[in-house]
Amino acid sequence: MKAAIYDHPGPPSVLRYADVPDPVCPGDGVLIQVEAVAIEGGDLIHRASTPPPHTAFVVGYAAAGEVIAVGDKVKDRRVGQKVTSFDLAGSHAQLRAVTAARTWPVPEGLCMAAAAAMPIAFGTAHHSLFARGRLKRGETVLIQGGAGGVGLAAIQLAHLAGANVLATVSGAGRAERLVKLGLDHAIDHRSADVVGTVMGLTGGRGVDLVVDPVGTTLQTSLGALRPEGRLVFIGNAGGSRLAIDPWPALQANQTLLGVFMGSQLEKPDVHLTISRMLELAVTGQIKVIVDRTYPLAAAAEAHAYSEENSILGRVVIIPPR
């Protein structure tokens, strides 16, 4: 099969398009003919900084496609079924072998690009807002990186839950699109004092909850948080070494919570939540935004574009059939 592989960590140019052996369907899993790959933040971080376990390594968390083989221990998946999937590697390829517990049937009417981008972005956003962040109707939430995949999902889910939604974003054009998805106030982090703006919007109180997938903005997130507020830290999309002064948070009795969805997606309640959100996407109650698509052969270019700060939503790779 064709795949985007790399031998050592580095910039997007370390990815190369090559032939590799087909994966084998596991007894507790399925083999998928991949139709769409969503580039996730973890894909970029792993490629840039994590030595692969072997040469010709296939990176990638999220992919959707058609089941072409089913393991003998699997009873709830079938050949010909459309599914979306998550794993810690292997998405950037024509074929993917994954345990059945890390797949979700794709509802009829949902495009495969949206299906690929849904589980991690919306699963992470939902878990961060509600399971960890305990967001309630009427509360105010600040979402860092509102134009990213998780940010877009969090804006929509928080709006549906009846929260007052603030988000950082750059550029008036992207801000206007986010307002249409449920954002109440956009804060341009390039030109505005984020903490000062938040305090102005909240009457000096601060927000009840911050969802931060950027990482390098953690100190700002704590500064925007009210006393006894909650900060959910998701990852390090900013890519730099993280360092914060926790003393002000201690004095304000604030709570810092971590979320890593790699260990959560197989949990029954989380798995069911993602299935329900896939259905919501079909009805149009939530929208998966795909910024741009690339062929698998251009995976290096797709990664380079994903690392820019001008995207809105997810970048999707399409393997050859």
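Where is the place of Arg134 in this chain? Arg134 lies in the loop between H2 and S9. Helix H2 covers 112–132 and strand S9 covers 140–143. Helices (H or I, at least four residues) and strands (E, at least two) are DSSP runs, numbered from the N terminus.

The model is predicted, and local features need pLDDT of at least 70, side-chain atom pairs count only at pLDDT 80 or more, while totals for chains, interfaces and linings use all residues. Residues are numbered from 1 along each chain as its sequence is written, and side-chain values use heavy atoms, with hydrogens and water left out.

Consider the chain as a whole. The chain contains nine helices and 16 strands. Its C-alpha trace spans about 60 × 40 × 35 Å along the principal axes. A compact globule of 321 residues would have a radius of gyration near 20 Å, and the 19 Å of the chain agrees with this. The radius of gyration is taken over C-alpha atoms, and the globule rule is 2.2 Å times the number of residues to the power 0.38.

Of the 321 residues, 54% are buried. Buried means under 20% relative accessible area, exposed means over 50%, and partly exposed lies in between (1.4 Å probe, protein chains only). The areas come from the Shrake-Rupley method with a 1.4 Å probe.

Ala121 is an example from helix H2. Ala121 has a relative accessible area of 3%, so it is buried. The C-alpha atoms of Ala121 and Ser170 are separated by 20 Å, and the two residues are 49 apart along the chain.

Now return to Arg134. Its relative accessibility is 42%, and therefore Arg134 counts as partly exposed. Arg134 has a positive phi of about 55 degrees, although it is not a glycine. Ala56, also not a glycine, has a positive phi near 55 degrees. Ala56 is found in the loop between helix H1 (41–49) and strand S4 (57–58). Ala56 counts as partly exposed because its relative accessibility is 27%.

Arg134 also belongs to a patch of positive charge on the surface, together with Arg132, Lys136 and Lys267. Patches are made of residues with over 30% relative accessible area and no salt bridge, and like charges are joined within 9 Å. A salt bridge is a side-chain nitrogen of Lys or Arg within 4 Å of a carboxyl oxygen of Asp or Glu. Lys and Arg count as positive, and the place of a charge is taken as NZ of Lys or CZ of Arg.

Methods:
Patch = residues over 30% accessible without salt bridge, like charges linked within 9 Å, V, L, I, M, F, W, Y side chains within 5 Å.
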